[in-house]
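Please look over the sequence and the model below. A short report follows.

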Amino acid sequence: MIETENLTRKFGNLTAVDSLTLHVDEGEVFGFLGPNGAGKTTTVRMLCCLISKTSGTARIGDHTVDSEQDCLAIRKMVGLLPENVGLYDSLSAYRNLEFYGRLYEVPEQKRRENIEHMLKLLDIWERRDDAVGTFSKGTKQKIAISRALIHDPQLLFLDEPTANLDPEAAKTVRDFILELKKERRTIFLNTHNLDEAERLCDRIGILKTKLIAVDSPRNLERSLYNRTTIVHMEKITDAVLTAVKNLNSVKNIRVSENKLILDMDDPEKQNPELVRTIVEAQGDIQYVTELKSTLEDVYLKLIREAPSTK
Amino acid sequence: MRLWKSWIVTRKDLSMFRKNRYILYSIIAMPIFIGVVLPVIFILALGTQSTQLSHAQLVAGAQQIVNMGTIYFVLIPSVLPSIIASYSFVGEKIEKSLEPLLATPTTDGELLLGKSLAAFIPCMAVTYFGSAIFAIIMDSWSYANLGVFLLPNPYWALVMGVISPLACVMSVEANVIISSRVNDIRAAQQLGGLVVLPLIFLVIFASASAAASNYLAFGVSIALTIVDILLFYTSKATFQREEILTKWK
């Protein structure tokens, strides 16, 4: 659905996005992580044909981000939720959506149905004729998401959809994104919220002007850190230690109080053998856990190690 | 260029203006004031002359005064766009609604036309409304006292049909350019007023001169059209998606 190759954008001497090569499959929820000024919004703006690229190529579906004609087609097939909701405060929720429905060329009957469906789904239907200025931030965000979906786009760009929302409103928005995910829509999600990215995204790209890494949250965690098994024991004897050290599958052993901390390649396959070995060495196991690195650990490690390219 | 797309934008803006009392009162007050007060002053002035002048002299004098008054209806569409256009463009900046608007499948030209029409239509509507009041009062007086209708006349038709709309277009375009450089509605209005001031003087001077001869009036219209075309290309260069998103802070 999205293909970019060496996509670059410069503002004068400043490189905002540098040689971004990326693909996002149809139906995928792709998370774009990066610090402020990493180029996430610039990337989205280039992909939505809002600003031009300096070099490289980008394709959305069958259209290249280039000519005016292609850009019109791209804008028609994508929905954008920008960082600022940008609704018209003096107009009602319904009128706001109707205005955008018309601009996206949604036929009248379909437009009415879509607006009703969205507003009912997000529990705003009863207040459809109220001016948007009277709504809370969370409700405005919901209306802005509805606006992005008014023309039933195949691809949705969400730029910080839960930023500045209270936990309850953020959860409503996240749940809504999960609903959209079930509908197999392609979603490109810019976010700072690592927990949100981990929960919603199939794959994650980490950007700091250049793309640093792309993979599923789980694979990213595993690629950077050893997988570690922790065996909680009643007592660690020399016999147990010797037996464990003799195992080929164990790469590194540390002992902390009554815990054996073991780096392993494939704990799912190797843990049963480990447990059998300890039991055979008369060790009393209380329980076995896995020490997990979080997406936050991965993100911080990658961002700190990434060279500054600006 | 799909005009229906521009019209969607225009309708939305007009509907927002209707909800804004400040804009509504600001644009209605001036034409009504000029449309009512001006003929009253003229009638009083002509009344003092009626005993000293012949009928023919009175008609000629009244005609001259009416033509002078018509020039005010060039002033109105030159001034009012600074109120409306500043809301139209800077208002979008303030509400941060430009990005979703620019993300829709509309061209820059369609958006610019839609926004410009939203400023142009109400300004010209109230100008015509004020002018109609002016004409009705003046004609009522002239028919009752001189037995003739002073309006419409060819000069009035030229001003209302050509010079006034051209002056309005000029002012709207100047305000589009100003809006791209400022972030505050008041600043946009003040600057808008300031920038169009020399243009207003030019238009009034030209319109007043045009009253003397049809050739001059034609020349004024051509000159205004050229200024409008130049400003149009400047405003079009200013109103580009990329410029708006990266430079309209």
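Which residue is the bridge partner of Ile230(A) in β13(A)? The partner is Ile261(A). This pair comes from a predicted model.

**The sheet**

Strand β11 (residues 227–233) of chain A and strand β13 (residues 259–264) of chain A run antiparallel, joined by six bridges. Both belong to an open sheet of four strands in chain A, ordered β12-β13-β11-β14, with antiparallel pairing. β12 (250–256) and β14 (285–291) of chain A are the edge strands. Each has a single partner strand, so one side of each has no neighbour in the sheet. From one strand to the next, the twist averages 20°. Helix α10 (residues 267–280) of chain A packs on this sheet. The helix touches β11, β13 and β14 of chain A. Its direction makes about 155° with that of β14(A).

| Element of chain A | Residues |
|---|---|
| β11(A) | 227–233 |
| β12(A) | 250–256 |
| β13(A) | 259–264 |
| β14(A) | 285–291 |
| α10(A) | 267–280 |

**Confidence**

Chain A has a mean pLDDT of 89, and 99% of its residues reach 70 or more. Within chain A, confidence is highest in α3(A), at 95. Confidence is lowest in helix α8 (residues 217–224) of chain A, at a mean of 78.

**The interface**

Chain A puts 26 residues in contact with 22 residues of chain B. On the chain A side, the elements giving two or more residues are α2 (68–77) and α3 (93–103) of chain A. By class, that side has 14 nonpolar, four polar and eight charged residues.

**The cores**

The largest nonpolar core holds 138 residues. Those that touch the most other members are Leu47(A), Cys48(A), Phe157(A), Ile187(A), Phe188(A), Leu189(A) and Ile84(B). Helix α8 (residues 154–179) of chain B gives the largest share of this core, 14 residues. Apart from this core lies another, of eight residues, including Val240(A), Leu260(A), Met264(A) and Leu274(A).

What does Ile84(B) touch, leaving aside residues up to four places away in sequence? Its contacts are Phe17(B), Ile23(B), Ile27(B), Ala119(B), Pro122(B) and Cys123(B).

**A glycine in chain B**

Gly161(B) is found in helix α8 of chain B. Is Gly161(B) buried or exposed? Gly161(B) is exposed, because 12 other C-beta atoms lie within 10 Å, and 12 or fewer counts as exposed. Its C-alpha atom is separated by 9.8 Å from that of Tyr128(B), 33 residues apart along the chain.

Notes: Residues are numbered from 1 along each chain as its sequence is written. Chains are lettered from A and ligands numbered from 1 in the order in which they are written. This is a predicted model: local features need pLDDT of at least 70, side-chain atom pairs count only at pLDDT 80 or more; totals for chains, interfaces and linings use all residues. Two residues are in contact if their C-beta atoms, placed from the backbone, lie within 7 Å. Ala, Val, Leu, Ile, Met, Phe, Trp, Tyr, Cys and Pro count as nonpolar, Asp, Glu, Lys and Arg as charged, and the others, Gly among them, as polar. pLDDT is the predictor's confidence in each residue, from 0 to 100. Two strands pair if DSSP finds at least two bridges between them. Axes are lines fitted to C-alpha atoms, for helices over the stretch in contact, and angles run from 0 to 180 degrees between N-to-C directions. A nonpolar core is a set of buried Ala, Val, Leu, Ile, Met, Phe, Trp, Tyr and Cys residues joined through C-beta atoms within 7 Å. A residue is buried if 20 or more other C-beta atoms lie within 10 Å of its own, exposed if 12 or fewer, and partly exposed in between; C-beta atoms are placed from the backbone.
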